[in-house]
Amino acid sequence: MKNTIVALSLFSFLAFSSCKKGDSPITPSLQTNAKEAEKLVVDSVKINDSVRINNALSVNYSAKLLVFPEIKDQKLLDSIYFRNQNIADFSKQGLQDFLRKEKENFFKDRKGGSYGGDAGKWYSHFDMNLKNNINDFMHIEYSEDSYYGGAHGSFDFFERVFDLRANTKVTLGDITTISEKDLEKLLMKNIDKVPSGAAKPEGKNSDMLLVKDIPVTDNFYFDDENLYFRYNSYAIASYAAGDITIPVSWEDLKGTLKPEFKERMKIK
């Protein structure tokens with residue numbers, strides 16, 4: 001068994017190793033804003049370990065959590081770690097201990113099963129990355145990657161933006177007053193602006209849609225130019241399409257932006 005690794009790093013951006021990575025779509029404007037981010041103290045803890053269950057199966061568990069030593073608001077921390085509901089201690093040591101326990105439980109559950117044939121290599125990966133901190137709006141991307149047999153694994157992204165001044169998760173209602181129906185129209189209009197998965201380089205996202213209307217999702221983030229909505233595989237399109245990101249520009253939302261948000265983001 002490999003040794004468990006717990007690493008501390010400042011703004012490390014690590015990618016998962018998975019069979020599906022080559023299919024990840026180009027996601028715009030995901031570079032960390034270093035000038036703003038330097039105001040925020042961020043560390044991370046990481047774990048990566050493997051074990052052989054039997055001659056037919058080996059499993060790997062890896063995960064990374066960000067650590068925010070200066071954030072003390074309990075509700076905000078609960079919201080930031082929403083994918084990990086059982087965390088009680090948000091300190092670096094507490095998060096390190098949490099990952100170690102999660103790894104041990106993961107291996108224990110796998111050892112209790114019966115596997116034969118060509119089970120191969122299974123894995124569970126979780127990653128948490130700081131993508132931006134603009135005007136005290138902190139954008140975190142969460143990604144989960146796993147394989148437990150079958151034709152292919154699963155790979156999902158979750159986007160959240162947090163208001164560090166109000167200590168809350170940002171909602172669409174904090175940004176715009178646009179109606180859900182009108183926003184759905186904009187999503188459909190912009191569906192092909194960022195080619196994803198099998199749509200690259202010449203295809204269209206719209207060719208692989210499984211829905212007649214694109215529903216509004218709370219899986220969104222924003223930058224200086226656009227509001228981005230991210231849809232995981234099967235949410236609106238076929239697996240081959242991969243995850244799809246649809247941009248909606250501030251110009252598209254002109255007349256509906258909340259005055260306080262518009263001023264804070266310096267949108268003209």
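These legends accompany close-up views of a predicted model.

**View 1. Helix α4 and its buried side.**
Helix α4 spans residues 180-189. Its buried residues are Leu 183, Leu 186 and Leu 187. An α-helix has 3.6 residues a turn, so residues three or four places apart point the same way. Strands β8 (226-231) and β9 (244-249) are among the elements that cover the buried residues of α4.

**View 2. The exposed face of α4.**
Lys 181, Lys 185 and Lys 189 are exposed. They sit on the face of α4 turned away from its buried side. What does the buried side of α4 carry? Leu 183, Leu 186 and Leu 187 are the buried residues there.

**View 3. Phe 106 and Tyr 148, a tilted pair.**
The model holds 17 aromatic pairs. In one of them, the ring centres of Phe 106 and Tyr 148 are 6.4 Å apart. Their planes meet at 45°, so the pair is tilted. Phe 106 belongs to helix α3 (residues 92-111). Tyr 148 belongs to the loop between β4 (137-147) and β5 (154-163). The pair therefore ties together parts that are 42 residues apart in sequence. Phe 106 counts as buried, because its relative accessibility is 8%. Tyr 148 is partly exposed, at a relative accessible area of 37%.

**View 4. Trp 122 and Tyr 148, an edge-to-face pair.**
Tyr 148 also forms an aromatic pair with Trp 122. The distance is 5.9 Å centre to centre, with 85° between the planes. This pair is edge-to-face. Trp 122 lies in strand β3 (residues 120-134), and Tyr 148 in the loop between β4 and β5. So the pair ties together parts that are 26 residues apart in sequence. Trp 122 is buried, with a relative accessible area of 13%.

**View 5. The aromatic cluster around these pairs.**
Which residues make up the aromatic cluster that includes Tyr 148? Tyr 61, Phe 106, Phe 107, Trp 122 and Tyr 148 form one cluster. Both pairs shown above, Phe 106 with Tyr 148 and Trp 122 with Tyr 148, have their residues in this cluster.

**View 6. Arginines over phenylalanine rings.**
Arg 83 lies over the face of Phe 158. The distance to the ring centre is 4.0 Å. Arg 230 places its charged end over the ring of Phe 157, 3.7 Å from the centre.

How values were computed: Residues numbered from 1 in each chain as written. Predicted model: local features only at pLDDT ≥ 70, side-chain atom pairs only at ≥ 80, totals over all residues. Heavy atoms only, no water. Buried < 20%, exposed > 50% of the residue type's maximum accessible area, 1.4 Å probe, protein only. Helix = DSSP H or I, 4+ residues; strand = E, 2+ residues; numbered from the N terminus. Contact = heavy atoms within 4.5 Å. Phe/Tyr/Trp six-rings, centres within 6.5 Å; stacked < 30°, edge-to-face > 60°. Lys NZ or Arg CZ within 6 Å of the ring centre and 35° of its normal.
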